[in-house]
Amino acid sequence: MIRKTLFATGLLTTTLLASTACSAQPAAAGKPFKETVVADFDSPWAMTFLPDKRMLVTEKKGQMLLVSADGKSRQTVATLTVDSAGQGGLMDVVLAPDFATSQRVYFSYSTAGEGGKGVVLARGRLRPDGGGGTRLGEIEALFNARPFVEGNGHYSGRIAFSPDGKYLFFTNGERQKFTPAQDPKMTLGKVLRLTLDGKPAPGNPLVAKGFAPEIWSYGHRNLLGIAFDAQGNLWEQEMGPKGGDEVNLIKPGLNYGWPNASNGSNYDGSDIPDHKPGDGYEPPKVWWNPVISPGGLMIYSGSMFPQWKGDAFIGGLSSKSLVRVDLTGTNAAKGDQWDMGARIREVEQGPDGAIWVLEDGGDSQGRLIKLTAR
C-alpha cells in the first residue's frame, strides 16, 4: 500500500549561514584543488543544483533546504516526516528530467510502517509560497520498498534518471538482512527501474523468471551511489561488509552476488567466497579492502578539471576521503584518494565544473565545500 499522507510541508524560513561560510582553505599538499567552505548544515545527506545555480540540500532529520548559489542564505521548502533513527532519514534529492517546465523534484526517505521500516521514493513540485519564497508542494509517495522490515540500516535510496529521461533507477538496500538480496519477490538488495510515476518500467529483464516487475539487477548490499556516464553506462557503488566495497557496472538482469559472494568477510570474521570466474555472479569493476565506506557517486563531465572528465568521484565515509575512479568505456580502475579530514557523504558537480562535497556531520554540523582548480 502506497502511503500518501506522510508529510507536513514546512513554513518558509530564511537564515544566515554559519560564520565559516565562504572561507577559503589553503590547498593541502598533494591536493590539486582549493577548498572553500560555503555553508554548514545539520547532518546533510544529499544535494542537487537548480538551473539558476541555487541548491537543494537534504538534512537527515527531514528538512529540505533551498540554498542560494553563494551559500549565504537558505530557506526551508519542506519539513518531511521521516524515521531518522540509525542510517535513516531524508535522503537523496534529484531534479526531474523536465524540471525546467514541471518544477518537479524527486527524493527518498525512510519511514516506519506495517512490518517495520523501509525506504520510499517520492516527488513534489517547487512553487511560490505567496510570500516571496518557495515551497515544495504536491508531495506524493510513488514507491515503497518491499517488504518493510525491522532495523535502521542499509536503506540506500539513491536515484538516477535514464539518459533519455523516460525511466528512473532507484536503489533498495538489503536492510542488513542478507538473503533478501537474492529473493526474487523482494525489492531489497536490488536496483529497480521504474516509470516516472513509480510504476514498474515495461521491459524489465527478470519478469519472465518470476521476479518482482521492478527489478533491474539484484544481489546488492547497501547501494549509496548510482549514476550514468556520457556513454549511457550505469555505474553503482555499494558498501561491502568487512572489506569488499564495490564499484559495479550495472547491466540488466545480472546477479551481483551478495550475500553469496563478496571480496570482503563477515564482521564476525567468517569467510564469504570471493568473486571468481564461473560462479554465476557479476564481479565488481573495482573493490577496496580495507574499505572506503562509499557515500555519494558522481560522474564528472565538467571542464574545470579536464584531466578527470568521464571519471567517477565517490565520497568516503569511514575513510574520510574523496575517491576518484578512472572510467574507460566499461572498465574501471582506482585513481586518487584524497584525505578530506571528515566523513564525506555526498559529491556533486557544480554548474561551472567545480566539485562540491557534503560532510556527513553525524550528530553535528556538516560542511558544504567547493573544490576548485588551484
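The largest nonpolar core has 50 residues, and L56, M64, F107, L121, L136 and F170 touch the most other members. A nonpolar core is a set of buried Ala, Val, Leu, Ile, Met, Phe, Trp, Tyr and Cys residues joined through side-chain atoms within 4.5 Å. A second, separate core of 16 residues includes F33, F305, V347 and I355. This is a predicted model: local features need pLDDT of at least 70, side-chain atom pairs count only at pLDDT 80 or more, and totals for chains, interfaces and linings use all residues. Residues are numbered from 1 along each chain as its sequence is written, and side-chain values use heavy atoms, leaving out hydrogens and water.

**The open sheet**

- Four strands, in the order β17-β18-β19-β20, form an open sheet with antiparallel pairing; strands are DSSP runs (E, at least two residues), numbered from the N terminus, and two of them pair if DSSP finds at least two bridges between them.
- At the edges are β17 (222-228) and β20 (286-288), each pairing on one side only.
- Strand β19 (residues 245-250) is joined to β20 by 3 bridges, and V247 stands opposite V286 in β20.

**Residue R345**

- R345 lies in strand β25 (residues 344-349).
- R345 is buried, with a relative accessible area of 11%; buried means under 20% relative accessible area (1.4 Å probe, protein chains only), exposed over 50%, and partly exposed in between.
- Beyond its neighbours within four places in sequence, R345 is in contact with residues including P44, W45, R158 and L224, where contact means heavy atoms within 4.5 Å.
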